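I'll jot things down as I look them up.

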Amino acid sequence: MKYLQGKAGWAILLALALLFPLVAGNNYQLYVMSLAFIFAIATAGMNLITGYTGQLNLGHAGFMAIGAYTVGILTVTYEWPFWGAFAMSGVVAGIIGFFVGIVSLRLKEHFFAIFTLCVGFIIYLIIEKWDSVTGGTVGIIGIPGPAPIGPIEFNSAVSQYYLVVFFLVVSLWLMHRIVNSLLGRTFVAIRNSDDLAQALGINLMRNKTLSFVLSTIYAGVAGGLYAGYVRFLGPDLAGTHYTFDMITFLLVGGIGTLLGPVAGSLLVAWVTQYLQFLADYRMLVFGPLLVLLVIFFPHGIVGFYYKKRMEREMKKAAAAAQANRAQAVNKEAGNNA
Amino acid sequence: MLKIESLTKQFGGLTAVRDVTVSFEKGKINAIIGPNGAGKTTFFNLISGMHQPTSGRIVFKGIDVTRMRADQVARLGVARTFQTTHLFDKATVFDNLIVGHRLRTKSGFWDVMFNTKRLREEERACRKKAEEVLDFVGLSHAAHRLAADISQEERKRVAFALALATDPDIVLLDEPAGGVNPEETVGLAELIKKMVNHGLTVCLIEHKMDMIMGLADKIMVLDHGEKIAEGTPAEIRSNPVVIEAYLGSEHAAA
């Protein structure tokens, strides 16, 4: 398993993602994969506030919809170029996220979760009812795809797939930076215990708000990508079931781990695809699978991998310590003799 | 160093701390004792800014900290431990300690984005601090063990180390020897003495009388939220009011 660690491990994963179009049998597989990656970006954001900072945000899909509608409205109604609108998707989601954050983060634990559930639903209702701006239940159609950047065009399924992979890699790289820095440690301290973190001089409100805003920017950018990829939008995207999908991705992949969101969204996407032939009965298979997973892999797939690795390292360290002691004892025996 | 003037805290109709006036001197070990529910932990919560007092004043190093938040008080140099220490069990002891020095660093989000020099220097400073405090509490050998795998006594030492990593002037210890066996208690008492010898002021809540009597310079006794006695261990031991509070009035009469 050594080769899965460090830079080499990342290179292998990246290579797999880059080579996928070569083994993909058709564009549909690329489509499933691209959508899974887009949701992985949104889920990575949710992972920051929920997995690392410990605040269960149940309105996350709402922020993804805000990002998507920003692109949809700006490109279709105001005829902005795609990339300008796309840049705004994260900005708008982040600004709205800031104001929602400073209010909702005054609440803790369940109260925060319930409050954000309501926020998500309010976002959904606003999108559904505000016909003149959002197109109401009809939604927005005819969103332009990503415009070409210089000689690179994004017309084919493969090029769009690579575009999504690019944003996924950038998102994960930034997330890697954040969670492994002092900032990430600050977030984890808050997750462990609000009180202890505050006693250590950590400003709870400021750090929680920062984490929340960053998570909504991730959601917004994922939404912007979604809009450019799927090319039509409905209020449905803000629905709570998408938030709960993301929670499922986190649980399956491993909450509070960097790659958990990716592993979760990929696995769930493909399992769902393979169970497609069962139509409505697929949940009968999917449900028990999820239960088994939670029983046997309570930390998710990536969490399981980390746990095993940690155990191995601890065992090695213990063996080394043992050897050292044995050596010391031998030496002493030698000296005495 | 720390002056408390007629501090009162009411939770609805319950007065948890009533009109307590006391001052803690620099470089001394101050103990707070009292029966369960006497308001000792609430008293700590008030000093450390976790709860806002109903009335009264708290002055630390000449600064009025009465209405400050816990993180602001911590930055001024008041560290505390809790009865139970919440460590991140899936990480090593060392990893758990790095964040302890965070309050003395300034790096924010943009430093992280651009991986600035300041951030790298501050990360180094935090690691160095973690090593230093781990060495101070005598746990260097356990640095790379999982927080989940260490003993209760080691957990207490890690809690001390976390408090020390904040570079405090005064350390509030809430039951530092709770759930720890007698021999280990002696070791922890030694550690508390060592902290004072290094210029810290200590204030602790404890139920283990032999530990307190041997360790404290001054003891304050709380009962039903009120200060009923204050003095040296010898004075407290012979104080009839204290004996009554602990054992009931028949014993005091006898």
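This is a predicted model: local features need pLDDT of at least 70, side-chain atom pairs count only at pLDDT 80 or more; totals for chains, interfaces and linings use all residues.

Residues are numbered from 1 along each chain as its sequence is written, while chains are lettered from A and ligands numbered from 1 in the order in which they are written.

Next, the domains of chain B. I found 10 residues of domain 1 in contact with 11 residues of domain 2 (contact: C-beta atoms, placed from the backbone, within 7 Å). On the domain 1 side, α7(B) gives the largest share, three residues (helices are DSSP runs of H or I, at least four residues; strands are runs of E, at least two; both are numbered from the N terminus).

Then I looked at the sheet in chain B. It is open, with six strands in the order β6-β7-β8-β3-β9-β10 and mixed pairing (strands pair if DSSP finds at least two bridges between them). The edge strands are β6 (78–80) and β10 (226–231) of chain B. I checked β7 (170–174) against β8 (201–205) of chain B: they run parallel, joined by five bridges. Leu173(B) has Leu204(B) as its bridge partner in β8(B).

Last, the other chain: 29 residues of chain B are in contact with 23 residues of chain A. Elements giving two or more residues to chain B's side are α2 (70–76), α4 (109–114) and α5 (117–136) of chain B.

Conventions:
Two residues are in contact if their C-beta atoms, placed from the backbone, lie within 7 Å.
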